[in-house]
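Colleague: I am new to this structure and would like to go through the terms used for it one at a time. Could you show it to me before we start?

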Amino acid sequence: MQIALWRDMLDPYYLAVDELLVKFNHIISSYHREGKYSPIEEVNGRVKSISSMLDKARRKKIPIDQLEQNLDDIAGIRIICQFVEDIYKVAGLIRTRKDMEIKIEKDYIANPKPSGYRSYHIIVWYKVETISGTRKIPVEIQIRTLAMNFWATIEHSLQYKYRSQMPKDLSDKLKSSAQSIVQLDSEMSLVRDEIMDAQNSSRIRDNLINDILNDIQNLYKVANKREVEKIQDEFFKVYQKEDIVLLRRFSEQLNITVEDYGAQSL
């Protein structure tokens, strides 16, 4: 394959990554809008660089003109979760989607690599519409906890530096730290419910405050200025008490006022 044609070859993979980022971020937003805990903490994606593809082709003795047929990770999505339990929930969500077809699943959490690497990998077939027609391409989705991702990022950098010739003492330290990551994830799972409750309470409070401030702003357009300023002063008094029950009650009363003025959609 000519180097000049590589950009054309990679375009569908960039399209797939862009579309999947939108879809997974929409899942996060949907959970938050409903006031629910999202099993996905964050998501990012990348298309493998040409140099990385050439390196992998050399290591695996893949002919340059057969890269697409032999590489499943040209397009990659990385999903970060807070807890190990969330990883399996996200994997379940992916299995139920009609816009992705499972090709391969690899559970490196239940079966870590010898290096200590842990993650859940799913290769999916994903269709993109290009100007040349429909393309069905593989996308690698990696699902990890925050702790797993930290370890994997460090390990990847060291592997790149030493080109599979990592000193044994450094390799041993990585394996030891991998066990620490296992312990950390395990301990976080023990307090998962409390962490989720705290995060949900914070999110509910933020949503209430945003709704109240939007309502007050809408009232400024239709109501008496002094009356709105009085409502605003009352809000600050409630806000300073840091009581979510009082905040919710104030929001409900404000909603009635907003409806009386017909200011809901302003």
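This is a predicted model: local features need pLDDT of at least 70, side-chain atom pairs count only at pLDDT 80 or more; totals for chains, interfaces and linings use all residues.

Colleague: Where is Lys-61 found, and what makes it count as buried or exposed?

Modeller: Lys-61 is found in the loop between α2 and α3, where helices (H or I, at least four residues) and strands (E, at least two) are DSSP runs numbered from the N terminus. Buried means under 20% relative accessible area, exposed over 50%, and partly exposed in between, with a 1.4 Å probe and protein chains only. Lys-61 has a relative accessibility of 73% and therefore counts as exposed.

Colleague: How do you know whether Ser-251 is buried or exposed?

Modeller: Ser-251, which is found in helix α9, has a relative accessible area of 7%, so it is buried. Ser-251 touches Leu-208 and Ile-212, not counting residues up to four places away in sequence, and contact here means heavy atoms within 4.5 Å.

Colleague: Why are α7 and α9 called roughly parallel?

Modeller: The axes of helix α7 (residues 192-219) and helix α9 (residues 244-261) come within 10 Å and cross at roughly 30°. Axes are lines fitted to C-alpha atoms, for helices over the stretch in contact, and angles run from 0 to 180 degrees between N-to-C directions. Angles under 35 degrees count as roughly parallel, over 145 as roughly antiparallel, 65 to 115 as roughly perpendicular and the rest as oblique, and therefore α7 and α9 are roughly parallel to each other.

Colleague: What residues make up the contact of α7 with α9, by class?

Modeller: Among the residues that meet are Leu-208 and Ile-212 in α7, and Ser-251 and Leu-254 in α9. The contact has 12 nonpolar, four polar and three charged residues, where Ala, Val, Leu, Ile, Met, Phe, Trp, Tyr, Cys and Pro count as nonpolar, Asp, Glu, Lys and Arg as charged, and the others, Gly among them, as polar.

Colleague: What makes α1 roughly perpendicular to α2?

Modeller: α1 and helix α2 (residues 50-59) pack at an angle of about 100°, with their axes 12 Å apart, and that angle is why α1 is roughly perpendicular to α2. Trp-6, Met-9 and Leu-10 in α1 meet Ile-50, Met-53 and Leu-54 in α2, a contact that by class has six nonpolar, no polar and no charged residues.

Colleague: Which residues in α2 are buried, and what covers them?

Modeller: In α2, Met-53, Asp-55, Lys-56 and Ala-57 are buried, and what covers the buried residues of α2 includes α1 and α3 (67-70).

Colleague: What makes a set of residues a nonpolar core, and which members of the largest one touch the most others?

Modeller: A nonpolar core is a set of buried Ala, Val, Leu, Ile, Met, Phe, Trp, Tyr and Cys residues joined through side-chain atoms within 4.5 Å. The largest nonpolar core has 52 residues, of which Phe-24, Ile-77, Ile-79, Ile-94, Ile-141 and Ile-143 touch the most other members. The largest share of this core, 12 residues, comes from helix α1 (residues 6-33). A second, separate core of 15 residues includes Ile-216, Val-238, Leu-254 and Val-258.

Key: Residues are numbered from 1 along each chain as its sequence is written. Side-chain values use heavy atoms; hydrogens and water are left out.
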